[in-house]
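Here are a few notes to read alongside the model. Have the viewer open as you go.

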Amino acid sequence: MQTTEVGQNSEIKQVIGSLCMMNNRFMNFMLDDNKKAAQVFLRVILGDDKIKVRNVRIQSFIQNIYGHSSQLDILAQDSKGRYFNVEVQRSDEGAPARRARFYSSILDTHFLQPGKLYEELPDTYVIFITENDVLHDNLPLYNIRRRIDENAKCFEDGSRIIYVNSQRRDNTALGKLMQDLYCTEPKNLHYHEFAERMEFLKYSKEGEEKMTDVIEEYAARKAEALAKEAVKEAAKEAARKAEKEAAKKAEEKEQANRIELAQGLLADGMSIEFTVRHSKLTEAEVCELASKLSA
C-alpha cells in the first residue's frame with residue numbers, strides 16, 4: 001500500500017513537472033489573481049508597457065439569456081477600463097474566426113449596463129494564443145480591426161481581435177514570451193513574473209494543493225485511458241475467440257464434407273486406398289467408415 005502511494009505521488013509530481021502555460025488549466029493557475037503576470041502578457045502582446053492591470057479572473061462565465069453562453073479562460077481589466085479576454089488554444093478547431101467574433105460580441109453585451117450610453121461601451125480585446133499558425137501567413141501576431149473598404153481606414157469601434165502564433169519563438173520580446181509558454185522549469189523562463197508563480201505552483205506544498213483539480217483531471221484522463229485500453233483488450237480477446245470458433249466450425253464442416261465424400265466413394269465400390277487419396281481422410285477413418293457400411 002505504501003509503495004503504491006509513493007508511486008502515485010511520484011507520478012503526480014511528474015505530471016506537475018511536465019506542465020507548461022500552453023496547458024489551458026495551468027495557464028489559468030499562473031494568471032489567477034496574478035496582475036503582474038497578466039500585465040506582462042498584455043504589455044508584450046500589445047507592445048504597450050504602460051498597461052496597468054487592475055484585476056484578472058479565470059474561467060469567467062458570462063450568461064447569455066438569449067443564446068449561447070461562454071466561459072472565458074482569462075479576463076483582465078486595466079486602469080483605463082479596457083477588458084482583455086485571453087484564450088489558449090492548442091487545437092486549430094478551437095480558434096475559428098467566428099468564435100473570436102462571438103467572444104467579442106458577448107463582452108460588449110455583458111459590459112454595457114442598462115441605461116448607459118453606447119459611448120460608454122469599454123474597449124475590448126479578444127486574444128487567441130494558438131499552438132499553430134491558424135491564419136497561415138507565418139506572422140508572429142495578427143491584429144484584426146474593422147475597416148472601411150472604400151478608403152481602407154480603420155473603423156474605430158473599440159473592439160480588437162488578436163491571434164498570437166506561438167510557433168514564432170525568436171529572440172524578440174514576443175518570441176521570448178512564446179518560449180516561456182512552452183517552458184516547464186521556472187529557472188529557464190525569461191520573465192521573472194512567471195518564474196515566481198511557477199516556482200510556487202510546482203515546488204511548494206501549497207501550490208500542489210492549489211492544483212488539485214489539475215491532478216484530478218489527470219487522474220480522470222488516466223482512468224479513461226485505462227478503461228479504453230481494457231475495452232480494446234476485451235474486444236481483441238473477443239475477436240480472438242470468435243476467430244478460433246470460426247476456424248473450429250470451418251474445420252468441422254470440412255471434416256463433414258470429407259466424410260460425406262468418402263462414404264459416397266465407398267458406396268460406389270471404390271477401394272480403401274482410392275477413398276483415402278481423394279477424401280483426404282486417414283486410412284483408419286476410411287476403414288471405420290467401410291466397416292459401418294458393411295455392418
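1. Thr 124 touches Tyr 83, Ser 104, Leu 107, Asp 108, Gly 158, Ser 159 and Arg 160, leaving aside residues up to four places away in sequence; a contact means heavy atoms within 4.5 Å. Thr 124 sits in strand S4 (residues 124-130), strands being DSSP runs of E, at least two residues, numbered from the N terminus. With a relative accessible area of 1%, Thr 124 is buried (buried is under 20%, exposed over 50%, partly exposed in between; 1.4 Å probe, protein chains only).

2. Quick word on ground rules: this is a predicted model, where local features need pLDDT of at least 70, side-chain atom pairs count only at pLDDT 80 or more, and totals for chains, interfaces and linings use all residues. Residues are numbered from 1 along each chain as its sequence is written, and side-chain values use heavy atoms, without hydrogens and water.

3. Now the salt bridges: the whole structure has 12, each a side-chain nitrogen of Lys or Arg within 4 Å of a carboxyl oxygen of Asp or Glu. One of them pairs Asp 49 with Lys 50 (4.0 Å, N to O), and both of these residues are exposed.

4. Another links Glu 254 to Arg 258 at 3.8 Å, N to O. Both lie in helix H8 (residues 212-267), 4 residues apart, about one turn of the helix; helices are DSSP runs of H or I, at least four residues. Glu 254 is partly exposed at 39% relative accessible area, while Arg 258 is buried at 16%.
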